[in-house]
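Student: I would like to go through this structure with you, starting with the aromatic residues and then turning to the pockets. Could you take me through it?

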Amino acid sequence: MKKVYKILENNMYGVPVTIFIGSYAESESYLHRNFGLERSEQRYYGGTTSLMTDTKNGHSFVYIWMPHYNHTIDEMGTLTHECTHAAMRILEACSIPVTYKDHESLAYLQSYIFMEALAAMRHRIS
């Protein structure tokens, strides 16, 4: 079963998004093997989103980890939650402020990331 989904690789913000579905240990091994990132202790259990830097090339990327994804309502809720964090990280990396009066860029980007994630994982059944 496919575990890694790369989306938004050529988006206007220049910050791609990688989604990893699997155990935390598998996720940590993937990050270490592919990006040279050191393993860390698990602090989150339902999913997490981070802005990371590839130690091999210095490029930033957003990384979403979820332990499982089978298109249930709860998992879609977790995915949209993590996509909101991803959108915030991308906008922060691009120095685009998000405030109560100026949040349309966040809304559009979050929606776009979520739709791209759903499209990429539409055939996934664990």
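This is a predicted model: local features need pLDDT of at least 70, side-chain atom pairs count only at pLDDT 80 or more; totals for chains, interfaces and linings use all residues.

Student: How are the rings of F61 and Y63 placed?

Tutor: Their centres lie 6.5 Å apart and their planes meet at 90 degrees, so the pair is edge-to-face. Planes over 60 degrees apart fall into that class.

Student: How many aromatic pairs are there in the whole structure?

Tutor: A search of the whole structure gives 6 aromatic pairs. One of them joins F20 and Y30: the ring centres are 5.4 Å apart and the planes are at 35 degrees, so this pair is tilted.

Student: Where in the chain do F20 and Y30 sit?

Tutor: F20 belongs to strand β2 and Y30 to helix α1, 10 residues apart, and the pair links distant parts of the chain. F20 is buried, with a relative accessible area of 3%. Y30 is buried too, with a relative accessible area of 7%.

Student: Which residues do the ring pairs link into a cluster?

Tutor: The cluster consists of F20, Y30, F35, F61 and Y63.

Student: Let us change topic. How much space lies in the largest pocket?

Tutor: The largest pocket holds about 260 Å³ of space. It is lined by 15 residues, and those closest to its centre are Y24, E28, S40, S50 and M52.

Student: Which elements supply that lining?

Tutor: α1 (24-35), β3 (48-53) and β4 (60-66) each contribute at least two residues. The largest share, 4 residues, is from α1.

Student: What classes of residue are in the lining of the largest pocket?

Tutor: That lining divides into 7 nonpolar, 4 polar and 4 charged residues.

Student: What volume has the second largest pocket, then?

Tutor: The volume of the second largest pocket is about 150 Å³. Its lining consists of K6, E9, P16, V17, T18, F35, D54, N57, H59, S60 and F61. Two or more of these residues come from each of β2 (17-21) and β4.

Student: So which residues of the ring cluster turn up there?

Tutor: F35 and F61 are part of the ring cluster, and both are among the residues that line the second largest pocket.

Conventions. Residues are numbered from 1 along each chain as its sequence is written. Side-chain values use heavy atoms; hydrogens and water are left out. On a 1 Å grid over the protein atoms alone, a cavity is a set of points where a 1.4 Å probe fits but cannot get out, and a pocket is an open set with protein on both sides within 12 Å along at least five of seven lines; lining residues have an atom within 4 Å of a point. Grid points are joined across faces, edges and corners, and a volume is the space filled by probe spheres set on the points. Ala, Val, Leu, Ile, Met, Phe, Trp, Tyr, Cys and Pro count as nonpolar, Asp, Glu, Lys and Arg as charged, and the others, Gly among them, as polar. Rings of Phe, Tyr and Trp (its six-membered ring) pair if their centres lie within 6.5 Å; planes under 30 degrees apart count as stacked, over 60 as edge-to-face and the rest as tilted. Buried means under 20% relative accessible area, exposed over 50%, partly exposed in between (1.4 Å probe, protein chains only).
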